[in-house]
Amino acid sequence: MIRSELIAKISEENPHLFQRDVEKIVNTIFEEIIEAMARGDRVELRGFGAFSVKKRDARTGRNPRTGDAVDVEEKHVPFFKTGKLLRDRLNGEAD
Amino acid sequence: MSEKTLTRMDLSEAVFREVGLSRNESAQLVESVLRHMSDALANGETVKISSFGTFSVREKSSRMGRNPKTGEEVPISPRRVLSFRPSHLMKDRVAAGNAK
């Protein structure tokens, strides 16, 4: 499923909404999650999962081609943990 | 770092602000989005949201595990797990936003 298919499904269920509004709704949801993580916040969606930010410490890496040591700075990366309900559904244990 | 936790309520509040539907309807739409994504994943589909990231279902084969407390060996049955791969855009924005 891709973004446009998700928008199409929501539009189908909500014939009273303009497609451009459904696009805006879907985009707002994903944008809000990214903005929260960019501020260092968590987004916890019970049953679905939680988005959070993990810190990766600075380290000395290696250029795999030349073997040279390179300093890699501390950085923050997005992380997603699947919620219990969704995890169970993937294994056919709920529904 | 502020370390706030946002929930469905914050997402529906954003939809309410941006689109101007009622709070109630905004909340229902957030729920529908999550439900459609969950349904697709439960069917084993990959959910690919451009400029956000890709959720995919991976099959794990069975293996022998160990109870860390007792050291006892226990079989772990084959299972499906979800993995999320953030888009480059998300990685860049999260890295930039949290940089010192």
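Me: In what order do the elements of chain B run from the N terminus on?

Reply: This is a predicted model. In chain B the order is β-α-α-β-β-β-β-β-α, which comes to three helices and six strands.

Me: What makes chain B more spread out than a compact globule?

Reply: The globule rule gives 13 Å for 100 residues, while the radius of gyration of chain B is 19 Å, well over that value, so chain B is more spread out than a compact globule. Along the principal axes, the C-alpha atoms of chain B fill a box of roughly 55 × 40 × 25 Å.

Me: What share of the residues in chain B is called buried, and why?

Reply: A residue is called buried because its relative accessible area is under 20%. Of the 100 residues in chain B, 35% are buried.

Me: Which part of the accessible surface of chain B belongs to carbon and sulfur atoms?

Reply: Carbon and sulfur atoms hold 49% of a surface of about 6200 Å².

Me: How many positive and negative charges does chain B have, and how far apart are their mean positions?

Reply: Chain B has 17 positive and 12 negative charges, and their mean positions lie 6 Å apart.

Me: What share of the contacts in chain B with a separation of 6 or more is between residues 24 or more positions apart?

Reply: That share is 35% in chain B. A pair counts as a contact because its heavy atoms are within 4.5 Å.

Me: Into which domains is chain A divided?

Reply: Chain A is divided into domain 1, residues 1-38, and domain 2, residues 41-94. Taken over C-alpha atoms, the centres of these two domains of chain A are 24 Å apart.

How values were computed:
Residues numbered from 1 in each chain as written. Chains lettered and ligands numbered in written order. Predicted model: local features only at pLDDT ≥ 70, side-chain atom pairs only at ≥ 80, totals over all residues. Heavy atoms only, no water. Domains from an automatic or database assignment. Helix = DSSP H or I, 4+ residues; strand = E, 2+ residues; numbered from the N terminus. Rg over C-alpha atoms; globule rule 2.2 N^0.38 Å. Buried < 20%, exposed > 50% of the residue type's maximum accessible area, 1.4 Å probe, protein only. Areas by Shrake-Rupley, 256 points an atom, 1.4 Å probe, with all protein chains shown as cover. Lys, Arg positive; Asp, Glu negative; His and termini not counted. Charge placed at Lys NZ, Arg CZ, Asp CG, Glu CD.
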